[in-house]
Amino acid sequence: VIVGIVLGIVSGLLANELCEFSPWCARRLVRWSAFRRYADPGRAEMRAEELAALINDRPGNLFKLITAIGFAGAAVIGSARRAAASQEQGEADQVVPSEGTTVESAKAHVPPGDVGRRLSVNVAVDVSEAIDQLAKRNGPTTTDIVRRAVSMYSDLEKDAHGAGGKVLIEQNGTFQEVRFV
Amino acid sequence: MAGPIRVTNPLLDVLEVLLQAFDSHDDLHGWAVMKATKRSGPTVYGVLDRLEDAGWISGWWENENPEPGKPRRRFYSITPTGVIGAQEILRSRRPQALRRRHRAPGTVLPGWQHAAPQGGAT
């Protein structure tokens with residue numbers, strides 16, 4: 001009987017504490033959710049304040065907590081999706097066509113519309129200098145091929161400025177490596 | 001699809017609610033939109049994000065919550081661009097909503113209330 005009474009008192013106190021704790025926990029949770037969901041800190045701060053007010057409007061401590069858990073769950077799912085998409089994009093960025101790779105298979109690893117963007121990053125080095133070096137070595141025909149390739153699918157190695165270099169060009173639907181000194 | 005908005009059922013619900021608020025010269029906060037649409041918070045706020053990004057709604061903070069000590073709320077109203085876009089989408093996807101709107105202008109939805117004096121739009 002005594003144990004039952006003690007347990008009753010303790011569980012009552014615990015329930016009371018939980019009721020006091022849950023609105024605070026809900027406010028913390030929605031704030032965390034906002035910063036997890038939005039990459040823009042300004043928007044995250046705005047939503048954090050807004051969601052705190054929303055939690056406040058929700059009747060009942062349990063509902064406050066359930067609402068906050070809902071926001072947190074959505075934020076976790078959303079950020080996981082963004083991370084997966086980002087990883088996919090990163091992998092696509094790392095695709096560098098190697099010699100003998102067909103253009104079609106290289107393009108299959110790059111999201112539609114991404115070829116031009118990736119090219120603009122990779123060709124940040126001085127392309128014209130590389131083309132001039134190739135022209136001196138191989139003649140104007142190669143220059144024309146390289147110009148066309150650079151404008152399409154080529155990937156210029158970062159050591160193009162050095163003593164030696166190579167460039168991948170597209171010829172007849174296949175990437176070919178052209179070395180120059 | 002009209003405009004840069006991906007049309008979904010929650011979007012249609014929110015647009016319907018915002019148009020009715022526009023008719024009754026009311027502004028809504030997020031909780032009111034959730035109650036009126038019977039949609040979950042993350043769903044409603046996802047829609048509000050898209051509408052705000054597209055310039056279809058504008059948001060502003062109330063100066064202070066009418067209830068002392070409570071956090072201030074952010075209210076939303078549909079912009080003229082939003083009204084045109086919303087009408088276009090609803091006309092093609094949910095024409096009965098526009099008919100309801102014309103039949104009962106100024107209807108106040110549950111959970112709505114007039115906003116406190118307006119703060120700066122953010």
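This is a predicted model: local features need pLDDT of at least 70, side-chain atom pairs count only at pLDDT 80 or more; totals for chains, interfaces and linings use all residues.
Local features need pLDDT of at least 70, side-chain atom pairs count only at pLDDT 80 or more, and totals for chains, interfaces and linings use all residues. Residues are numbered from 1 along each chain, chains are lettered from A in the order written, and side-chain values use heavy atoms, without hydrogens or water.

Me: Why is helix 2 of chain B called largely enclosed?
Reply: Buried means under 20% relative accessible area, with a 1.4 Å probe and protein chains only. Seven of the eight residues of helix 2 (residues 30-37) of chain B are buried, so the helix is largely enclosed by the rest of the structure. Among them are Trp31(B), Val33(B) and Met34(B). Helices are DSSP runs of H or I, at least four residues; strands are runs of E, at least two.

Me: What covers the buried residues of helix 2 of chain B?
Reply: Contact means heavy atoms within 4.5 Å. The cover includes helix 2 (41-57) of chain A and strand 3 (74-78) of chain B.

Me: How do you know which faces of strand 3 of chain B are covered?
Reply: Arg74(B), Tyr76(B) and Ile78(B) are buried on one side, Phe75(B) and Ser77(B) on the other. Both faces are therefore covered.

Me: What makes strand 2 and strand 3 of chain B a pair?
Reply: Two strands pair if DSSP finds at least two bridges between them. Five bridges join strand 2 (residues 57-62) of chain B to strand 3 of chain B, and they run antiparallel. Trp61(B) stands opposite Arg74(B).

Me: How do you know how strand 1 of chain B pairs with strand 3 of chain B?
Reply: Two bridges link them, in the antiparallel sense. His29(B) stands opposite Phe75(B).

Notes
Buried means under 20% relative accessible area, exposed over 50%, partly exposed in between (1.4 Å probe, protein chains only).
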